Amino acid sequence: PTPIIFDTDPGVDDAQAIAIALAHPEIELLGMTTTYGNVDVTTATHNALLLAELAGQRIPVAQGAAGPLVKTRFPPPKHIHGDNGLGNIELPEVQGRAETLSAAQFIVEQVNARPGEITLVAVGPLGNLAAALQLDPSIVERVRRVVVMGGSIREGGNVTPVAEANLFNDPHAGQRVLTAGWPLTLVGLDATHRCVLDPDSMARIAAGQGKLGEVLAGSYEFYKAFYQQALGFDGCCPHDSCALAWLMKPELFTAVDGHLTVVTEGDAEGQTIFAPADRPFIAEHWSRTPQVQVCLNANGPAVVEWIVETLS
Ligand code: BDR
Ligand code: CA
């Protein structure tokens, strides 16, 4: 199995992805690290613990960033994920507690214990990965790969015309993480907007996931209502699950190599700008950001089928 640390702000679509990380036989979930984003960080930690418990598993959860590195925090999108991050459905009590280590300490410790093995899958604002880099810059050499759900190259944004939520929430952290020089794959809106989790698919998931399925299905209804109202379709984009789909089934995505930067100030803050590796530019500094891989498309129906199969 592929050992991963899942960095998350659960979050309805985060919860779906957590269920995949817990269920997939080829994924070894070493721990979850939590960040503010869809909710405040204590709620994120609560939800991460709860989702694992509902699946009957004890997974270490280490709490991290309570806000962005530099900018003023943007309020959590309660109309999308609910006040509790899981569509305002009633939730059972949590039994476990978070680790005493911070998210960044947990990442550094795990990565150094298994050099070259661990993939960091980050599906929230990127403050925890930025903090881990600051704590021990040498982890860049020892992480197997970083997979980020975030950003948008040609698709436009979902918070502003140009910015996707995870990068918009902490563009400074995003800039450090995307240009750190570790092997990195960006799975942004260009891929995730091709994927629609429709009600039939969710019904199959709910049937296969027991108690966890009830939470996934209940929170999905709330999330779907937002999609219906804002975007006019019956379903939702399973953004965060797409990062895991890329990890396990990269052949379902179209990825290209190149160089990324994140706009950190002004009206375009959070925008991800991409220069394909094979395209020459007159301003040469572009070619000096480390090369990463960016998904520019996905086979949406096949990704959704993989999600449903994994969870049903
Ligand atoms: C991303 O933003 C969050 O609201 C979702 O959980 C996902 O990680 C999509 O833009
Ligand atoms: Ca998320």
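Trainee: Which residues come nearest to ligand 1?

Mentor: In this predicted model, G11, D13, V123, A165 and H239 come nearest, out of 13 residues around ligand 1.

Trainee: Then the backbone at N88. What is phi of N88 near?

Mentor: Phi of N88 is near 60°, which is a positive value in a residue other than glycine. Most residues other than glycine have a negative phi. N88 belongs to the loop between α3 (78-81) and α4.

Trainee: Now helix packing. At roughly what angle do the axes of α4 and α5 cross?

Mentor: The axes of α4 (residues 103-113) and α5 (residues 127-135) cross at roughly 60° and come within 8 Å. The two helices are therefore oblique to each other. Their crossing is right-handed.

Trainee: Which residues make the contact?

Mentor: On α4 they are A103, A104, Q105, I107 and V108, and on α5 they are N128, A131, A132 and L135. By class, the contact of α4 with α5 comprises seven nonpolar and two polar residues, with no charged ones.

Trainee: What about α10 and α13: are they roughly parallel or oblique to each other?

Mentor: The axes of α10 (residues 199-208) and α13 (residues 300-311) come within 8 Å and cross at roughly 20°. An angle under 35 degrees counts as roughly parallel, and α10 and α13 are therefore roughly parallel to each other. The crossing of α10 with α13 is left-handed.

Trainee: Which residues of α10 and α13 meet there?

Mentor: From α10, S201, R204, I205 and G208 meet V304, V308 and L311 of α13. The contact of α10 with α13 has four nonpolar residues, two polar and one charged.

Trainee: Last topic: what domain does UniProt list for residues 4-304?

Mentor: An unreviewed UniProt entry lists "domain: Inosine/uridine-preferring nucleoside hydrolase" for residues 4-304.

Trainee: And how much of the chain over residues 4-304 is helix, and how much strand?

Mentor: Over residues 4-304 the chain is 39% helix and 17% strand. The end C-alpha atoms of residues 4-304 are 21 Å apart.

How values were computed. Residues are numbered from 1 along each chain as its sequence is written. Chains are lettered from A and ligands numbered from 1 in the order in which they are written. This is a predicted model: local features need pLDDT of at least 70, side-chain atom pairs count only at pLDDT 80 or more; totals for chains, interfaces and linings use all residues. A residue is near a molecule or strand if its C-beta atom, placed from the backbone, lies within 6 Å of it. Axes are lines fitted to C-alpha atoms, for helices over the stretch in contact, and angles run from 0 to 180 degrees between N-to-C directions. Helices (H or I, at least four residues) and strands (E, at least two) are DSSP runs, numbered from the N terminus. Angles under 35 degrees count as roughly parallel, over 145 as roughly antiparallel, 65 to 115 as roughly perpendicular and the rest as oblique. A crossing is left-handed if the near helix is turned anticlockwise from the far one by less than a right angle, and right-handed if clockwise. Two residues are in contact if their C-beta atoms, placed from the backbone, lie within 7 Å. Ala, Val, Leu, Ile, Met, Phe, Trp, Tyr, Cys and Pro count as nonpolar, Asp, Glu, Lys and Arg as charged, and the others, Gly among them, as polar. UniProt positions are given in the numbering used here, feature names are shortened, and annotations may be inferred rather than shown by experiment.
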